[in-house]
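Here is a set of questions and answers for a first look at a two-chain model. Please view the sequence and structure before reading on.

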Amino acid sequence: MTGATLIQLALALPLAGAAFIALARSRPNLREAVSLATATALCIAVWSLLPEVMAGARPSYELMTLLPGLAIRFTVEPLGAMFAALASLLWIVNTIYSIGYMRGNREHHQTRFYIFFAVSIAATMGIALAGNLLTLFIFYEMLTLSTYPLVAHKGDPQARRGARTYLFILLGTSIGLLLPAMVWTYAVAGTLEFTPGGVLEGNIGDGLAAVLLLLYVLGIGKAAVMPVHRWLPAAMVAPTPVSALLHAVAVVKAGVFTVTKVVIYIFGLDFLAHVPAEKLLVYLAGFTVLAASLVALRQTDLKRLLAYSTVSQLSFVVLAALVLAPLSEIGAAIHIVAHAFGKITLFFAAGAIYVASRKTDVRQFAGIGRRMPWTMIAFTIGAISMIGVPPTAGFVSKWYIIAGAFQADNYFVLAVLAVSTGLNAAYFLPIVFRAFFQDEDQAPPREHGEAPWPMVAALTTTAVFTLLFFVFNGPVVDLELGILGGGP
Amino acid sequence: MWTAQLPAFVIAVPLAAAPVAALLRGASWSWACAALASAASFAIAMLLALAATEVPAISYAVGSWPPPFGIELRITGFSALLLLIITGASTIALIGGKASLDSDIAPARRHYFYAAWLLAVGGLVGIVASGDAFNIFVFMEVSSLATYILIAAGGNPRALPAVFKYLVMGTIGATFYLIGIGLIYLMTGTLNLVDMETRIHDVTDLKPIYAAVGFVTLGLVLKAGVFPLHVWLPNAYAWSPHVVTAFIAACSTKVSLYVLLRFDFMVFQGSLGGHDLQFAGFLMPLAVLGILVASAVAMTESHLKRMLAYSSIAQIGYIVLGASLMSVSGLTAGIIHMFNHALAKGTMFLAIAFIATRLTALRLDDIAGIGRRMPWTLGAFLVAAMSLIGIPGTAGFISKWYLVLAALESGAVGALLVAVVLVSSLMAVYYIWRVVEAAWSSAPGAEAAGAREVPLPMLAVLWTAALANIWFGLQPGLPLALSRSAATYLLGQLQ
């Protein structure tokens, strides 16, 4: 199949899946089978694109011309290919997990859940494969709107409040800051195409470019750079599979992915290097890394703790992208993958603990590792990856970010890395310690072992991914080398 | 060629059908007559729109008396766009809203109601198609009087004070306009707009002309509901029969804006030194205030129709803001927003008309939980609301794109205007989301719990309108071409 056909498939499959899920609403087993089949088909389609991209090709497909000179166009480049491949792979695992979670928890409106989940994945594919900023923006907004019903899923006042915060911050930043940044870019550069080397050089003064960069970094609210991070903890009212795939992988990674794309393909590394306020944004991202870690330290609700950890890790990617050294850009790209594997494992574990024991507070986790050994071992692997210790994925990306920081002689970044590693250890290790080495304070209200098997299978799989990525990261690094010079 | 007669037909069809509708008795004949005539003029408007993309202006001499002696009908890209809006809104509202009209309008009055509807359509179409200042006044009166009847026709007692307020203010507006063109006629001796423009050059004593500019501008601003002369609008929209709201919200204020732009840009601007600055300086602050104040009021309003009425006042501000930027992209933004806003607001009010066939009251508390009972109606409402907010992929995004682009081009003030536009978009998110949350998240009240979805044919009409919001968001070719030609046509006079 040609690249264009595969792009069409990647966009159409999840939407078609959503339609079939709606048709199969009265037969849960069929409905879940459709979900799983769609996820698998999507994964195959996206992964079939990879060899071409690795060989240096940039498959492209133009859907339509929206305004004169502005088309809805998709172009697969290494960064997007990696993001799409990651999201489609984890969607399969997440679907298996969802089946266990939604049934184990006897959630209502399960059909709606699966439909909007599929639509969100379609939007994610659109973001990943977008060939210009306008296309990306369209799917960016689609992702916000299609995840809103998932966040509000429970329908109680707390869920409604959380969903409202979620929607208003994400729509507010994108309409209020990202849209004018984009129109401004178009007004000065005359194009919004993602172009290696950027499109802004020579079209805008350095001072204004700094303002524009600020609009972009804060306007891309999904990257959760402080002070626009509040939507992410608020989104934790969603069912855990949503938190796991969307708020640890698809939505938040869409944010940092967009930042990275804007830095590399709209501004260009060489141009940004002499934009004056660029350093300020490095500090802002560095501040977010540390501040979010400190907030995480004080959380007792596991999902909120993980959310703040995500805020911190996302700013790592932004930080790495803004270091502007070639190796740090690779580090930013790889951290998208590494963090995804680790964080989805942690969320899966949090959901498994909730379904099995109804516990959400980390202070209640004493001795839970003995009841749920698989879950807590996976949790430990995820936590180690967050800290960045071998043999996990987190170490690989940290390695590249450190190497990039040395390339650029940026010791601030090194200091942030060092401190945040310590903070990560400080909030994750006590949980692990308590789970394995303390005795239960009191017997739980009802006896429980592991969560339903699909959930355990899913979280084991992602934990294994986390470990494997430590060894087999070569292809991803090779792929991402392509973002720097055009071809590999 | 018979196609040369189209500018006359587009007015004549609804006007001629009006007495027929008044004479028809029995079940639905007068409705059928109105719908048919409306659809016919819609078809004619489409032909004219296609023709208007190719030539700058189609001129038609009524009774073969050549202008400036006879009455001239003049179809430009601008007027063709307005024709599409008027006839399209009327057709969709009539066909989709039959059930709602049947329950709102007493059977004994129905044939008169449809006659008034056709007169309103004919009047509005006449204003837009006419190239003669006095003729515009006559059609303005025809459409206004007919619209007063439509608003009061529902038998809602609260509609009567509302329509009286509208009548008083509308009459003041029309009188101001008449005084203005009277003064111009005194000084130039002509009523043909194109002729007027050239003859003002030769006027030596400009004082009466300046007075005329004031009267015409103010009168039309009043009729267009531009802030702060909008006070007649919220109640007139809120208490009229629901389908009437869908129709007039889509087109009536925009027609006054059309006349306003035509006078200020074409008749005055090329002829009076510095008029462009005065125009922009007068309207831009009003537009900005209107956008912010009306959006803020909409955020606090709990009656669904009043909320959307205030939203309309804010959206009129967008149109005026685009025009006051005095650039091609600004005017394009303003004019295409007439079209896009008509699509969005017309759809939303039609959806509300459908909801009103199931519920007696339309406060946010009353519609609690209705989204679960009428998912398709509320779904269409939501699609149009996305367009109102300006979510990419909908028609509203195209307007917003051009408006932001135009504001950025206009220099230092531009950044501030961008902020105004975007802040008000966020305010729109807020007031729309109050509806969404009420409709979906709350437990249904007693009345909403028993509500059923409207029948399929009605949904088909509603969704045609809703999908048009998406279609013109992805394929804005036709309205964009018409708006662009309108913008260059208006600015072409500014040399």
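Helices (H or I, at least four residues) and strands (E, at least two) are DSSP runs, numbered from the N terminus. This is a predicted model, in which local features need pLDDT of at least 70 and side-chain atom pairs count only at pLDDT 80 or more, while totals for chains, interfaces and linings use all residues. Residues are numbered from 1 along each chain as its sequence is written, and chains are lettered from A and ligands numbered from 1 in the order in which they are written.

Q: In which loop is Arg358(A) found, and is Arg358(A) buried, exposed or partly exposed?
A: Arg358(A) is found in the loop between α13 and α14 (368–371) of chain A. A residue is buried if 20 or more other C-beta atoms lie within 10 Å of its own, exposed if 12 or fewer, and partly exposed in between, with C-beta atoms placed from the backbone. Phi of Arg358(A) is near 65°, a positive value in a residue other than glycine. Because Arg358(A) has 13 C-beta neighbours inside 10 Å, it counts as partly exposed.

Q: Is Leu324(A) buried or exposed?
A: Leu324(A) is found in the loop between α12 and α13 of chain A. Its phi is positive, about 70°, although Leu324(A) is not a glycine. Leu324(A) has 24 C-beta neighbours inside 10 Å, so it counts as buried.

Q: Which peptide bond of Pro391(A) is cis, and what is its omega?
A: Most residues other than glycine have a negative phi, and most peptide bonds are trans. Pro391(A) lies in the loop between α15 (373–387) and α16 (393–407) of chain A. The cis bond runs from Pro390(A) to Pro391(A), with omega near 0°.

Q: Which residue is joined to Pro227(A) by a cis peptide bond?
A: Pro227(A) is found in the loop between α7 and α8 (231–234) of chain A. The cis bond has an omega of about 10°, and the residue that it joins to Pro227(A) is Met226(A).

Q: Which helices cover the buried residues of α7(A)?
A: Helix α7 (residues 206–219) of chain A has 14 residues and reaches 19 Å from its first C-alpha to its last, close to the 20 Å expected at 1.5 Å a residue; the expected span is 1.5 Å times one less than the number of residues. Its buried residues include Leu212(A), Tyr216(A) and Val217(A). Among what covers the buried residues are α6 (157–189), α9 (240–267), α11 (278–297) and α12 (302–323) of chain A.

Q: Where does α6(A) bend?
A: α6(A) has 33 residues and reaches 46 Å from its first C-alpha to its last, close to the 48 Å expected at 1.5 Å a residue. A bend is the angle between axes fitted to the seven residues ending at a residue and the seven starting there. Just after α6(A), Gly190(A) takes a positive phi of about 75°. The bend is about 30°, with Pro180(A) following within four residues, and it is at Leu178(A).

Q: Which element gives the most to the side of chain A that touches chain B?
A: Two residues are in contact if their C-beta atoms, placed from the backbone, lie within 7 Å, and 20 residues of chain A are in contact with 18 residues of chain B. β1 (60–67), α5 (133–151) and α6 of chain A each supply at least two residues of this side of chain A. With twelve residues, the element that gives the most is α6(A).

Q: Which helix supplies the largest share of the side of domain 1 of chain B that touches domain 2 of chain B?
A: Chain B is divided into domain 1 (1–273) and domain 2 (300–495), with bounds from an automatic or database domain assignment. Their centres, taken over C-alpha atoms, are separated by 22 Å. The contact takes 43 residues from domain 1 of chain B and 41 residues from domain 2 of chain B. The largest share of the domain 1 side, 14 residues, comes from α11(B).
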